[in-house]
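Here are a few exercises to work through with the model open beside you. Try each task before you read its solution.

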Amino acid sequence: MEQVFVVGDVHGEYDLFQEILKSFKPDQQQLILIGDLNDRGPKSKDCWLLGMELVEKYQAVYLRGNHEQYFLEFMESPEDWFPSYLYNGGKETLESLLHQGATEEYSPTEIAMLIRSRYKKMLAFLAERPFYCEWGDYLFVHAGVDLTKDWQKTSAHDFLWIREPFHAGKNTTGKTIVFGHTITPMLYGDMQTTALWQSDGKIGIDGGAVFGGSLHGVVFDKNGIVQDYEVQNHKGPWRPDF
């Protein structure tokens with residue numbers, strides 16, 4: 001493929017996800033999802049099912065985000081992870097997989113058992129998600145890499161969670177690193193600019209859709225950014241309801 005089409009952090013915002021995909025050209029572009037399709041927004045289940053379909057139909061690359069990881073950790077140790085997962089937007093995911101009110105109705109162990117019995121294929125799929133994708137001189141990753149060593153030796157935790165040391169570190173990888181995870185309003189330091197953030201061969205594409213910002217779909221070719229599609233979330237920011 002001559003181009004890649006990269007989608008930022010969706011976080012359960014299924015309508016925005018569908019809207020941005022209207023600009024994707026499957027015959028010309030490799031699709032890459034930067035991770036965090038779930039949590040906070042109302043339709044994590046739909047986003048995951050669409051993600052699975054895109055991988056199957058177009059060989060899309062769906063990278064693992066820290067929120068996919070969070071969900072998998074919860075499934076492994078539901079009692080340990082339940083409070084923090086719920087607090088970080090997991091409530092919406094669990095209830096989209098089961099039903100409204102399920103997190104109050106069942107114990108964490110029961111929730112995990114119900115999900116396991118109903119979504120075997122989806123769980124196996126999520127557990128297989130890769131941590132990064134290389135395309136020519138580009139490196140696509142959810143959070144970033146450890147710039148203090150050979151980037152390939154980055155720990156699993158840092159691929160998913162790293163922030164400041166990556167954003168501020170010197171990029172000597174020879175690659176343009178495209179990432180999500182940290183919303184661009186935070187990278188700009190003004191908590192309002194949703195545009196792509198670019199610095200030292202790093203490009204942040206998470207416009208903070210679930211926080212009332214925007215979802216980006218960015219087209220790259222080997223020379224750089226060809227087009228940036230940006231869909232605004234007009235429904236307002238996610239707020240935990242507990």
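**Exercise 1. Find which residues Val7 touches, not counting residues up to four places away in sequence.**

Step 1. Apply the contact rule, heavy atoms within 4.5 Å. Val7 then touches Phe17, Ile20, Leu31, Ile32, Leu33, Ile34, Ile205, Leu215 and His216.

Step 2. A word on the source: this is a predicted model, in which local features need pLDDT of at least 70 and side-chain atom pairs count only at pLDDT 80 or more, while totals for chains, interfaces and linings use all residues. Residues are numbered from 1 along each chain as its sequence is written, and side-chain values use heavy atoms, leaving out hydrogens and water.

**Exercise 2. Work out which residues of helix H7 (residues 120–127) are buried, and what they pack against.**

Step 1. Helices here are DSSP runs of H or I with at least four residues, strands are E runs of at least two, and both are numbered from the N terminus. Buried means under 20% relative accessible area, exposed means over 50%, and partly exposed lies in between (1.4 Å probe, protein chains only).

Step 2. Met122, Leu123, Phe125 and Leu126 of H7 are buried. They lie on the same side of H7 because they cover an arc of only 160° around the axis, taken from the directions from the helix axis to the C-beta atoms.

Step 3. Turn to the other side of H7, and you find Lys120 and Lys121 exposed.

Step 4. The buried residues of H7 pack against helix H2 (44–58), strand S3 (61–62), helix H3 (66–76), helix H4 (78–97) and helix H6 (108–118).

**Exercise 3. Describe how strand S5 (residues 138–141) is covered and which strands it pairs with.**

Step 1. In a regular strand, side chains alternate between the two faces of the sheet. Both faces of S5 are covered, with Tyr138 and Phe140 buried on one side and Leu139 and Val141 buried on the other.

Step 2. Pairing requires at least two DSSP bridges between two strands. Strand S4 (residues 132–135) pairs with S5 in the antiparallel sense over four bridges, and Trp135 has Tyr138 in S5 as its bridge partner.

Step 3. Now look at the turn: S4 and S5 form a hairpin with two residues between them, and Gly136 there has a positive phi of about 55°.

Step 4. S5 and strand S6 (residues 176–179) run parallel, joined by four bridges. Here Val141 stands opposite Phe179 in S6.
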